[in-house]
Amino acid sequence: MKPSLRLSAVISWHRAILVAVMFMLAVPASPGWAEAQEDWGAAILVYHRFGEQKHPSTNTKLDQFKAQLAELSLGPYRVVPLREIVAALRGGSAPPDRAVAITVDDAYRSVYEAAWPLLREAGLPFTLFVSTDLIDQGAPDLMTWAQVAELAQSPLVTIGNHSAGHLHLPEHAAEKATADILRAQNRLEQKLGFAPDIFAYPFGELSLDLKAAVRELGFKAAFGQYSGAIGPRSDRYELPRFAMNEEFGDLERLRVATSSLPLPVEDLMPKDPFLKPSANPPLAGFTLRPGVGNPSALACYSNAEGLRVERLGRRVELRFAGPLAPGRTRVNCTLPAADGRWRWLGRQFLVAE
Ligand SMILES: [Zn+2]
């Protein structure tokens, strides 16, 4: 279930941070433009394995995790249950500044054995997105249903649906995707006594059809797996999460991610991140909302080679050198904000394998 997806995450992070540092050196302070008034920014982290150094691309070392929890507990952040961010997106009150939600996908046993004691000790809430077939198959590195049920009883823990089969869902017909998600929902209800109301896309892969299916099933929100800040205008069924792993588990990266602000845009193209052959390479772009910042300070990076950024006033066009390769391609756009923070828009495009 663990993939090459991390490599592209890792590459785009590496570049984003590198250029972020270049910006900090090159761009004078006081950009001289107004921040939007109703602004708030929240960040969601996604983890997989803990202390499992055989899987560095999905693992977080325990000393890293302890340092991250200490930073999140002592720094200027507020770790909140994911439902607080979802409630804000559904019209509730804004979350606190620098709200951070911790999520963990797939329900590996190391979550129960290594991460859970640390999270409980720190009193930090988190959400576990469970993929049910893996547990039903009794794989030795996955949690048992009894362990999931034990976590589910804690007021610190929220359980989410992460599908049954952990498939590349956009590549299947909507009926099959719906059936797979419902099968997970039924297993969770049988085993835990309740059905989750939030969903995480396997591999963070989504399409317009899949989003519609997930909304149709009644989920309140759904989460991807690529970088980006959450804000008042975020699409509840396409919410980014910063992927955490061994190589990029340092505290500076954590601080940048958890302090990020949304990049408010309009006319985001293409609407569907799942690219048909006739729409590859995509005509990608967006328009910065007025007052959000100086368009010339915007920088965009991709794990695809040769991305060109063209600007016409507030309109930003992203031009790829050629068709995107099968699999996932990520684009990260950042714009410096006040107080050393960054506005961050991430997208993940998907091409069928
Ligand atoms: Zn997963």
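**Close-up views of a predicted model**

The secondary structure of this protein consists of nine helices and 19 strands. The model is predicted. The 353 residues have an average pLDDT of 91, and 48% of them count as buried.

**View 1. Two stretches have pLDDT below 50.** Across the protein, 89% of the residues score at least 70. Residues 1-11 have a pLDDT below 50, with 25 contacts in the model beyond near neighbours in sequence. Residues 19-37 are also below 50, and this stretch has 22 such contacts.

**View 2. The largest nonpolar core has 87 residues.** Ile-44, Val-111 and Ala-222 touch the most other members of this core. Strand β1, residues 42-47, gives the most to the core, contributing six residues. Because domain 1 (5-262) and domain 2 (266-351) both give residues to the core, it lies between them.

View 3. In the protein, among contacts between residues at least 6 apart in sequence, 69% join residues at least 24 apart.

**View 4. A second, separate core has eight residues.** Among them are Phe-274, Ala-304, Leu-324 and Phe-349.

**View 5. Gly-322 is in a loop.** This loop runs between β17 (315-319) and β18 (327-336). Gly-322 counts as exposed because it has 10 C-beta neighbours inside 10 Å, and a residue with 12 or fewer is exposed. Gly-306 is 16 residues from Gly-322 in sequence, and their C-alpha atoms are 8.5 Å apart in space.

Terms used
Residues numbered from 1 in each chain as written. Predicted model: local features only at pLDDT ≥ 70, side-chain atom pairs only at ≥ 80, totals over all residues. pLDDT = per-residue confidence, 0-100. Contact = placed C-beta atoms within 7 Å. Helix = DSSP H or I, 4+ residues; strand = E, 2+ residues; numbered from the N terminus. Buried ≥ 20, exposed ≤ 12 C-beta atoms within 10 Å, placed from the backbone. Core = buried A, V, L, I, M, F, W, Y, C linked by C-beta atoms within 7 Å. Domains from an automatic or database assignment.
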